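I am opening a page on this chain, and I want to note what I looked up, entry by entry.

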Amino acid sequence: MRAGPAIRTFPTPRALAEEAARCVRDAAGEAVATGGRFALALSGGRTPQDLFTRLAESGPEELPYDLMVVFWSD
């Protein structure tokens with residue numbers, strides 16, 4: 001469990017998107033292991049576009065698609 005929020009910087013937007021995707025995959029695995037499903041709210045717009053690309057590249061061994069509920073938010 002994390003102690004609290006931390007400010008992190010990344011050398012490129014791509015590096016940020018890759019780390020964000022890793023965090024989503026990790027959270028999904030933990031949520032499914034403890035609660036049996038994973039809910040994810042995705043924002044619209046162009047800002048998270050690289051993250052969405054990385055998540056779309058994740059296969060079922062990385063993301064439990066059959067146990068996910070995805071919401072669009074803004």
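Entry 1, charges. I looked up how the charges of the protein chain are placed, and found that the mean positions of its 8 positive and 10 negative charges lie 5 Å apart. I note at this point that I am working from a predicted model.

Entry 2, layout. I went through the secondary structure and counted two helices and two strands in the protein chain, which follow one another as α-β-α-β when read from the N terminus. For the dimensions, I noted that the C-alpha trace spans about 35 × 30 × 25 Å along its principal axes.

Of the 74 residues in the chain, 24% are buried. Turning to contacts with a separation of 6 or more, I found that 68% of them are accounted for by residues 24 or more positions apart.

I then asked myself which residues make up the largest nonpolar core. The list holds 11 residues, namely A21, V24, A28, F38, L40, L42, L51, F52, L55, L63 and M68. Helix α1, strand β1 (38-43) and helix α2 (49-56) each supply at least two residues of this core.

Leaving aside residues up to four places away in sequence, I found F52 touching L42, S43 and W72. L55 is found in helix α2, and I record it as buried because its relative accessible area is 9%, which falls under the 20% limit.

Is E19 buried or exposed? I found E19 in helix α1, which covers residues 13-35, and its relative accessible area is 15%, so E19 counts as buried under the 20% limit. Not counting residues up to four places away in sequence, E19 touches R8 and F10. With R8 there is also a polar contact, in which the side chains of E19 and R8 are joined at 3.2 Å.

Note on methods
Residues are numbered from 1 along each chain as its sequence is written. This is a predicted model: local features need pLDDT of at least 70, side-chain atom pairs count only at pLDDT 80 or more; totals for chains, interfaces and linings use all residues. Side-chain values use heavy atoms; hydrogens and water are left out. Helices (H or I, at least four residues) and strands (E, at least two) are DSSP runs, numbered from the N terminus. Buried means under 20% relative accessible area, exposed over 50%, partly exposed in between (1.4 Å probe, protein chains only). A polar contact is a pair of N or O atoms within 3.5 Å; within protein, one must be able to donate a hydrogen and the other to accept it, and residues adjacent in sequence count only if both atoms are side-chain atoms. Contact means heavy atoms within 4.5 Å. Lys and Arg count as positive and Asp and Glu as negative; His and the chain ends are not counted. The place of a charge is taken as NZ of Lys, CZ of Arg, CG of Asp or CD of Glu. A nonpolar core is a set of buried Ala, Val, Leu, Ile, Met, Phe, Trp, Tyr and Cys residues joined through side-chain atoms within 4.5 Å.
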